[in-house]
Structure formats: structure tokens, C-alpha cells
Protein chains: 4
Amino acid sequence: MKLKLIQYTPDPERTVAMSARLCYSASGAEELVQTMPDTQIGNLIDKLVDMGHLSTFEHASFTFAIEGISRVLTHQLVRHRIASYSQQSQRYVAEHGFEYIVPPSVAANAEAKAKYEALIQQVQNTYDELVALGVHQEDARYVLANATETKIVVTMNARSLLHFFEKRCCHRAQWEIRNLANAMLAEVKAVAPRLFAKAGPTCVSGGYCTEGNLSCGRLAGIKMQK
Amino acid sequence: MKLKLIQYTPDPERTVAMSARLCYSASGAEELVQTMPDTQIGNLIDKLVDMGHLSTFEHASFTFAIEGISRVLTHQLVRHRIASYSQQSQRYVAEHGFEYIVPPSVAANAEAKAKYEALIQQVQNTYDELVALGVHQEDARYVLANATETKIVVTMNARSLLHFFEKRCCHRAQWEIRNLANAMLAEVKAVAPRLFAKAGPTCVSGGYCTEGNLSCGRLAGIKMQK
Amino acid sequence: MKLKLIQYTPDPERTVAMSARLCYSASGAEELVQTMPDTQIGNLIDKLVDMGHLSTFEHASFTFAIEGISRVLTHQLVRHRIASYSQQSQRYVAEHGFEYIVPPSVAANAEAKAKYEALIQQVQNTYDELVALGVHQEDARYVLANATETKIVVTMNARSLLHFFEKRCCHRAQWEIRNLANAMLAEVKAVAPRLFAKAGPTCVSGGYCTEGNLSCGRLAGIKMQK
Amino acid sequence: MKLKLIQYTPDPERTVAMSARLCYSASGAEELVQTMPDTQIGNLIDKLVDMGHLSTFEHASFTFAIEGISRVLTHQLVRHRIASYSQQSQRYVAEHGFEYIVPPSVAANAEAKAKYEALIQQVQNTYDELVALGVHQEDARYVLANATETKIVVTMNARSLLHFFEKRCCHRAQWEIRNLANAMLAEVKAVAPRLFAKAGPTCVSGGYCTEGNLSCGRLAGIKMQK
């Protein structure tokens, strides 16, 4: 997986904090932007998180370029609707000799890995043969495996990201999207540490778990349901 | 493909028309619901469509159950974000001997069809072998083809459907999702003919085409851009 | 306030439960709709609520006609974005002798009430005078009070409603929108009791409170933060 | 009105163009960001606009601080749901001696203006008296006029802005929100001229009008409906 945070709203924490202050202040936005000291910004953001007042987090947006992920992952990813996506098209981009993902559980099992790779080779051959027989690549792609690599640009605001991290950083999330979510979280934490200080599954952000008997047990001894 | 309109807002056209009337009337909703004659409803809906005032179309929702479609289709479908989806999970549902879609261009080419089906058979075998080797089905599914059949429940309101039909009933849309869009349009037209009277690609709904030199040419002789 | 649930997705609980089952079942939607017994539906819905798996709740929509509420209320209401609104226009509907809301705290204070009503009378007079002087009603309305009554049609799906009830049934919500939220909750509970069994502020739905030292104290002795 | 574009996605046009190229290219995002020449970016954006392929415009977000506008305006503004808002609260911020908007049609009519200002003075007095009588400001605000000034922070992405400009820059839009829309358009055009080159009502962006016999007539002699 190759992940890069390619753009984001400049000064995201100041933008969020100023917007929150505006709601409860007679002062204007411009004045607030210039006069709020950094410590006040941090404290206000912490308080917003604690109270669950996250609407102002929407003013900060983050755009990622992601490569080397499977369509298993992206089919889950694009279900998050408060987000924007631009994905490499299998309809318009030829997939001869495509790259593909190997799940760790397959990579760790020599016999499984051999069968897996043999099949992928077969898929590549058949894709090429179909195209050679005059089948347009938009139809030849029906044989492509879920494992086929894809590229995608994703933009989410900080509130939507917090929700994404809550669902997808959880141990119960599918491993590939969990890896992506953790990598995205590391990227945004580097540029907006206070906004994402408590980001993660509910066991991290809220100290509770709703997975019932499917829980990973990280909170053993603590109540398992909010 | 198996498509069924399983639920929808009762009396969708009256609901839409009443909501539109409310905006410009001193009367209340309940009174309007009871007193608007059918002809007034039809005429008002036609006028809303002509003026592009579609916000009231959101009050009517339609829920479809769809089976026998590929994941090529659903990966495009779920990109429509003003909608609700519940899809059969490849993580939790075993895919031994799965059904699959064959594109018409492949079905029409005997040699391509033979190669296509041989590969799918190979995929099924490998999936079974991986599971037999202890690979969890959530990882074995990485070998599954785009062609694999899936099931999905979709809810969209009438405004979102109009947008969906504009994009996906177009001759330029990918054939499988175009077939689905046309089938969905037929279903909703049967229960709400006035709401969807002009539904379809922009050449149908507005008499123009934005596809440039990729246009299907249906509007040849007419301006190709709005 | 006059509230009426004018339309909703028929059989909302069966629709939600069937959609949830589809995700984890090899069976199709139509079969599930017909064969799921009522007790299974209720139990499944309870489990979805407990696990916070609410996406299938989106397949059930509810449309309300609401009258006799102020624009203080609707300005807050329309901030809920996963919803559809059609509101009576002050631009197109004349407001001569408009009805208005009196807050209970004003109604309970004779002196305040007298001043309040005198001012409203003054507003009505000035509105009429401005119109008589040739000011279009779209500009005359600038003098209208927040208290002026309005009418609105609102559609939300069950998931969005649960969020609305969480925020607006809370004791900390503004009284008028809280009254509306409680009335809406009563309406939907009557037709879909299981979907909304635990609906309400977080102290009801989850046993926690995030209002900190502004909390109403209903959960006194219990932890004040999730 | 006081308007300031306080933040936006850096290099918005390159971000949009790169995302669009990614969909149809075997290259990755990072490579595309670095290697696309400026002229290619401009040409690609023009083509996206012409074809109505606007999804990549969502990757560029713009945040405005707006002051000196009425609640007539903001009640319309917040109906645009693909946007984020933080508005000064009349519940928490005292409105003693509030500022207010005077519509031009009122300002131009001496008699109307005198009545208008007398009423506003009356509203201010009554607000103060109610608070002095112990009415909480969250209830005293029920007497405040639509004309009362408010402050708001708004974030929209470029696609949502194009829709906003289409509806609100139209001559048929209410004058105050039209003024705001025109001012916002000028701000974003200064930093992203190609993205917003054709932004505006449909007579500007598409050469057609759907307002029927309510049209301003700017397109007289040209077809009045797409």
C-alpha cells in the first residue's frame, strides 16, 4: 500500500477552533482567527471532542492518494458516503499484467500461496486472451479478481474521518481496510494532532465496545456495551 | 438479473405535489393532501420537472431488492451517495460454487465464452481449495472474479433516482448498470408515472447531450451540448 | 404545534430486518421478506441497535407535516442535513395577521407577555404598512419576528431520526425543538415500536451523558461521559 | 456584508485535474501531481465542465467567514445540505442593540424606512425589557426580527459551490442571498479561475433558462427551456 496525504485545509485546527468560538461569541471570524492563542485552540478542540460537538470539524478537509490496494478494500471504502472519490477505471485502463494483493494469511501458507498465484496468472492470461479475441476491456475485466490493485483519491473532512476511524480502525474491521485506516490516521495525526488525539475505535475514543461476543477483548473486565 | 420494487412511499405523487403546494400556500399539509384533485397533482408535477424544482421529489422513497448482478455493477452503483445500500457480504457468506455474470459480448463469442467459463471454474476450484487449506473465506474471496453474482437492497428517493437515471440510462453507461437502471425506471414508472415521465439520459429529459464526440448520435443534427 | 405523520415506508420493521438478514445470508430478499417470522424481526432489530449497526434503518422513511412552529425552531431543524424539507415561503405567502409562538417562560410572566404581544402587534402593523407603501412582501418580511409561525414537511429515514432524537430529545436542547422531537418520536414509535425502542438522548439510548457540567443531572451518580 | 475566504484546499485546480487524470491513467497520483503542466490542467478542467463530469471538483474545498447578513439569508443558505455551517447562536449570544439589515427597497423609500427603523428600535427595547424581566435570552430572541444580523462560517466544495451559484446567482434568487453568492463567486474565481470560469445561473453556464414566464428575459430570443 502506498498512501500520501496530498492536500489538506491549511491550519486545520485553528480553522475548526475559530468556527466553534464564533457560535458562542460576539466577535467575528477574522478577529478570532488572528487572536486565538494556540493553547486556547488546543483546549477548545479537546472540549469539543469530549462533548461530541463535532460539526465544526467539517471545516477541515484532507485529500489522500492511495495506491496498491485491492478492490475488496475500495468496495468497502466507497460505502462511506460523506466523502469524495476518484478511482482508476477498469473500464478505461487496460489491466494486462496487473498487480495484485496477497492476503497475509495466504502469504503465510506456502501451498495456499502457490495456488493463489497460479490462479492469478491464469486470470492474467485469460484477460489477455479475451482482449486478443476482440472482447473490449470493459467486458474482459469481468474475470479480474477482487485482489487486483487499484488507485484512488479520497477526500474526507475531519468529522467524517473520525467516523471512518471509529469503524475501520477496529480490530473487527477487515484487515486490509483496517491497515489503510491506521495509515490514514497516522498521516492526519502528524498535521492535526489535537483533532485526532482520541481518534480510533470506540474502545479508544470512548472506552466502550459494542461488538458483543465478537469483541477482541481488549476491554476485558470493562463493560462491553455503552 | 432479478429486480423487485419491494417498498415505496404510499401515494408518492400526492405526497410530492402536496409538499410543493405547501411552500406557496397559506393552507396546511393535511388540508392539501385531502383536497388536491388528481389532475392538479399531475399538472403541478409536470411543472416542477420543467422548472427543475425537484426538492419535493425527495419525499417519495423507493426500495428495490436486486439479485443476479455482478460486483462490477455494484461497485459503480454504490458510488451514488444519496442512497442507502445493504449488500450481501463476501466476508460472511461462503461463495462455494457461486453464480456469475457473462457479458453479452463474451456469450456471443464461442471461443471467448469457453475461456471465460473455464477460468470461472478454475476460480471456484481455487476458492474451495484455499478454504480447505484453512484460509478464511474473508481472504479466499480475494480470488473471486468481478463477475461473481451479488445481492443488494437499494433505497433512493425520487430526486436521487432521476439523477441516477440521467447518468445510468445513457447509452454511454456501462451495459450492466444501464440494464439495471432501465429496469428500475420501468418499475417506478409503473407506480409513479408522472414523477418519472421525463426520466432518462439528458437527451430524453432535456433534449441535449454532453458526451461530445463520444455521443451515441441519437441527437444527430441537434446541438450536442447544452 | 400540529404534527401528523402523513406517510411512511410500509412495513418498516420487516423492511429493515430483511435488509440486515440479506447481508449475512445466501437467501434472496424476496424470500426473506416472506419467510421471516415477526419474533425474528424484533430480535434482529434489537441486536442491530445494541451493536450500532444502523445502516439498514435507512430503508424506512417517515414524512411529517408540521404546523404551528416558529422559525426559531425551523432554523435549527433544517440544519439536520440527512433529511428533506419543504417549507412555507415567507417570500411568496403573505403574512398579514400571522400567527406566532409564545414561549412558556413569557406566557407565565404577565408583564413580559403583555410586552411580547404588544410588540408582535406592532410587527403586524408595520408589515402591513410597508406592504401598503409598496414594499414587496419578500422585503417586508425582514421585520417579521422569529416567533412567526411556519409550516413544513419533513422526511427523514429511521437512522437519521435516531440521530435527531439523540440530539433534540435531550433536556439540553432548546424547548421548542425538544417538544417537536418528542412528538415525532411518539408518532414513529406508534408505527415502528422496535425501531425506536431505545430512541432518545444518550442517557436513554446508551446510559451516558456528554454534557459535562451542563448536564441535567438525570444520570447523577452515573458516569457523566462515555 | 463582510465576506472573507479564510481557507481553501491549496492548489485546487491541480488537485482536481490530477484526480480526474488518475481515473483514466495507469500512472499514480503523486506522479500526476508533479508532472501535469499548467496548460494541461486548464484544458482538462474546461473539458470536465463541458461534459458535466464534476465529481473531481469535490476534492477542492473553500471556507468563508461571513458577517453582516440577515437570518432571512441564512435560513435559505443552510438549506444547501452538501456544506458545513457554524453559525453565531442567538441562544448563547446576547442580542442587546443588535445590528440589522435594511432591504434596498425599504432604504429607498423614506416613509417605509422610518417605519422600519422605528420598529427595529421597538424590537430592541422589548428584547432588553424581556431580559430585564427575567426572560432568558433564548426565549427573548423570539421577538427578534428576520433582519437581525448574524455571522456564519461556511465550507463547500467546488462542486457544491457550482450548484449554489447556479441557483443563487440567478436574477430570480432573493436579492440578499444573490448578493452573497455573487461575492462568494468573485472570491473563488480569484483563486481558482478555471474551476469557476462558467459558474453562475444556467443562462451563463449552459445558455438556457428554466424560469418560464418568470424569467428575467436576459436570454430573450433564445430558447427559454433546456
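Hi everyone, let's start at the interface of chain B and chain A, where the rule finds two salt bridges. A salt bridge here is a side-chain nitrogen of Lys or Arg within 4 Å of a carboxyl oxygen of Asp or Glu. In one of them, B:K115 pairs with A:E129, and the closest N and O atoms are 3.5 Å apart.

A quick word on the ground rules. This is a predicted model, where local features need pLDDT of at least 70 and side-chain atom pairs count only at pLDDT 80 or more, while totals for chains, interfaces and linings use all residues. Residues are numbered from 1 along each chain as its sequence is written, chains are lettered from A and ligands numbered from 1 in the order in which they are written, and side-chain values use heavy atoms, with hydrogens and water left out.

Back to our two chains. How many residues does the contact take from chain B and from chain A? It takes 48 from chain B and 48 from chain A, where contact means heavy atoms within 4.5 Å. The size of an interface is often given as the accessible area lost when the parts come together. Between chain B and chain A, about 4200 Å² is buried, and carbon and sulfur atoms give 55% of that; this is the accessible area (1.4 Å probe) that two parts lose on being put together, summed over both.

Now for the cavities. On a 1 Å grid over the protein atoms alone, a cavity is a set of points where a 1.4 Å probe fits but cannot get out, and lining residues have an atom within 4 Å of a point. Grid points are joined across faces, edges and corners, and a volume is the space filled by probe spheres set on the points. Searching the whole structure turns up five cavities of 30 Å³ or more.

The largest cavity has a volume of about 70 Å³, and its lining includes C:R71, C:Q90, D:V72 and D:H75. Which helix gives the most to this lining? That is helix 4 of chain D, with three residues; helices are DSSP runs of H or I, at least four residues, numbered from the N terminus.

The second largest cavity has a volume of about 50 Å³. Chains A and B line it, with A:R71, A:V72, A:H75 and A:N146 on one side of the list and B:R71, B:V72, B:H75 and B:N146 on the other. Helix 4 (71–77) of chain A and helix 4 (71–77) of chain B each give two or more residues to that lining.

Key: 1 Å grid on protein atoms, 1.4 Å probe; cavity = no way out; pocket = protein on both sides within 12 Å on 5 of 7 lines; lining within 4 Å.
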